[in-house]
Amino acid sequence: MAATLLDGKALGAKVREEVAAAVAELDHVGLATILVGDDAASHIYIDLKQKAATNAGMEARDIKFTGAASEEEVLAAIADVNADDAIDGLLVQLPLPGHLDENRIIAAIAPEKDIDGIHPMNAGRLYLGRPTLVPGTPLGIMRMLDEYEIPLEGARAVVIGRSAIVGKPMAHLLLQRNATVTICHSRTRDLSRHTLNADVLVAAVGSPHLVTPDMVKEGATVVDVGMNRGEGKKVLGDVDPAVIERAAYMTPVPGGVGPMTIAMVLENTVTAAKLRQAAAVAPAGN
Ligand code: NAD
């Protein structure tokens, strides 16, 4: 029997409605994005995020630099946003041009405004299992798994990919929910030996149709993060669509993980705004 598709488009729209309602209740929510250079895909992502933030009723500030911008200029813009009380969330679009030190720039973002969850402070808090701002893609995947009531406690979860923005935070979120987690990567030997054990399989690789039906356990939940450019404008996932015949649940590409990511970045902005407002009214400690 073909898998049930996890509808990220519908759930993403629902999350965006929830975000808009939360924004309406708060006095003001502001998001700023910083983009450096002229990478076409990055411009599209930033435009989508800006539009989604505006539609949710947020103030959306769009800061753009040419590829010639110096590190000091970008750091100065980050410092301005950090100090600006009207802005709750700041997102620096990656990748940055090669002459900029990505680690230095990420570390300059105020952790409480880091809606991409990539500052070492937030990554560390996630590692320790403490509440924090978490990258939108794995957060959206957790939301989807919960919406469809996929059991995680004691489940065997396999994550393919170990990037800081998807694979690693994904593994930690699954671990927090008491799954038994295996992380596979480019040096993993005999990938299918691991994937065939997975009750929940997350592919975040960037390799079109890497996961084939013979690598998937019958009845597994398969989450496809991959967004690979196929011929023309077609987007291909990391999972072969034929896996639908073996899985019980599967995310489509497009319309699965992608629409959840932006929705969760907006949700993170609301979370950041609430935390900042709560901190502003809390009595000073001694
Ligand atoms: P990345 O290049 O930073 O990481 C890829 C990971 O895959 C690495 O950890 C590497 O070890 C692993 N890998 C590479 N080849 C492998 C192989 N043959 N077997 C096993 N592991 C292998 O990529 P990323 O930023 O994590 O993104 C992964 C994919 O997800 C890309 O297609 C990207 O476009 C997509 N993506 C989608 C969204 C979304 O919203 N849908 C968000 C972020 C990333």
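## The sheet

Six strands build an open sheet, ordered S1-S11-S8-S7-S5-S6, with parallel pairing. Strands are DSSP E runs of at least two residues, helices are H or I runs of at least four, and both are numbered from the N terminus. Two strands pair if DSSP finds at least two bridges between them. Strand S1 (4-5) and strand S6 (180-184) form the edges, each pairing on one side only.

S7 and strand S8 (residues 221-224) run parallel and are joined by four bridges. Leucine 201 has valine 222 in S8 as its bridge partner.

## Basis of the model

This is a predicted model: local features need pLDDT of at least 70, side-chain atom pairs count only at pLDDT 80 or more, and totals for chains, interfaces and linings use all residues. Residues are numbered from 1 along each chain as its sequence is written, and side-chain values use heavy atoms, without hydrogens and water.

## The largest core

The largest nonpolar core holds 50 residues, and Met58, Leu145 and Leu174 have the most contacts inside it. Such a core is a set of buried Ala, Val, Leu, Ile, Met, Phe, Trp, Tyr and Cys residues joined through side-chain atoms within 4.5 Å. Buried means under 20% relative accessible area (1.4 Å probe, protein chains only). Helix H9 gives the largest share of this core, ten residues.

Leucine 174 touches Met142, Leu145, Leu152, Ala157, Val159, Ala179 and Val181, not counting residues up to four places away in sequence. Contact here means heavy atoms within 4.5 Å.

## A second core

A second, separate core has 18 residues, including Phe65, Ile78, Ile105 and Ile109.
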